[in-house]
Each structure stands twice: as C-alpha cells, then as structure tokens.
Amino acid sequence: MHRVVLYSRPGCHLCDVARETILSQRERLGFEFEEVDIEADEELELEYGIRIPVVEVDGEEAFEITVDAARLASLVGA
C-alpha cells in the first residue's frame, strides 16, 4: 500500500488545502496517510520551514506548497 506523508504546521492555510486534496484522493484510492507537525521537531523545522506543505509519496518528495490531485492519483496508482 502506498504511503503519503504531509509535513505541515498548525495555522497554515496552504497545509489545510493540501490536506483536503490528499484526504479526498485517499477516500477514492485508499493509501496510508500521516501528517507530521514540523514545529514539534527543530530538524524538520529547518528542513521544511518555508517550503510547507511538503508531501512525500512512498518516501520520495513529490509536492511542495501545492498538491496536484491528478498527479497524486497517478503516484498512488490510479
């Protein structure tokens, strides 16, 4: 099963939009989803701070700032 990870922070509007896109595709296609709050980890904050939301699919960085629903669907097997 494919795994999608969203790196985000509370209060981030772009993160909210990315989450909605991911969850709508998850409902259609079924894949594992995890959301990671970068504010809880200094190393993640340094790596992703100004680039969030960042989305990984199966361990590979796939999106930054916006998530394209069609591309996400193709990456998780649609």
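1. A disulfide is here a pair of cysteine sulfur atoms within 2.5 Å. In this predicted model, Cys12 and Cys15 are joined in this way, with an S to S distance of 2.5 Å. The structure holds one disulfide.

2. The disulfide of Cys12 and Cys15 is right-handed, because the torsion about its S-S bond is about 75°. Residues under 20% relative accessible area count as buried. Cys12 is therefore buried, at 11%, and Cys15 is buried as well, at 0%.

3. The sheet is open and consists of four strands in the order β2-β1-β3-β4, with mixed pairing. Its edge strands are β2 (32-37) and β4, each of which pairs on one side only. From one strand to the next, the twist averages 25°.

4. Between β3 and β4 the pairing is antiparallel and extends over four bridges. Within this region, Val54 stands opposite Glu64 of β4. Helix α1 packs on the sheet and touches β1, β2 and β3; the direction of α1 makes about 165° with that of β1.

5. The largest nonpolar core comprises twelve residues, among them Val4, Leu6, Ala18, Ile22, Phe31, Val55 and Phe63. Two or more of its residues come from each of β1 (3-8), α1 (13-29), β3 (54-57) and β4 (60-64). A second, separate core has ten residues, including Cys12, Val36, Ile38 and Tyr48.

6. Leu6, a member of the largest core, deserves a separate remark. Leaving aside residues up to four places away in sequence, the contacts of Leu6 include Cys15, Ala18, Arg19, Ile22, Phe33, Val36, Pro53 and Val55.

Note on methods
Residues are numbered from 1 along each chain as its sequence is written. This is a predicted model: local features need pLDDT of at least 70, side-chain atom pairs count only at pLDDT 80 or more; totals for chains, interfaces and linings use all residues. Side-chain values use heavy atoms; hydrogens and water are left out. A nonpolar core is a set of buried Ala, Val, Leu, Ile, Met, Phe, Trp, Tyr and Cys residues joined through side-chain atoms within 4.5 Å. Buried means under 20% relative accessible area, exposed over 50%, partly exposed in between (1.4 Å probe, protein chains only). Contact means heavy atoms within 4.5 Å. Two strands pair if DSSP finds at least two bridges between them. Axes are lines fitted to C-alpha atoms, for helices over the stretch in contact, and angles run from 0 to 180 degrees between N-to-C directions.
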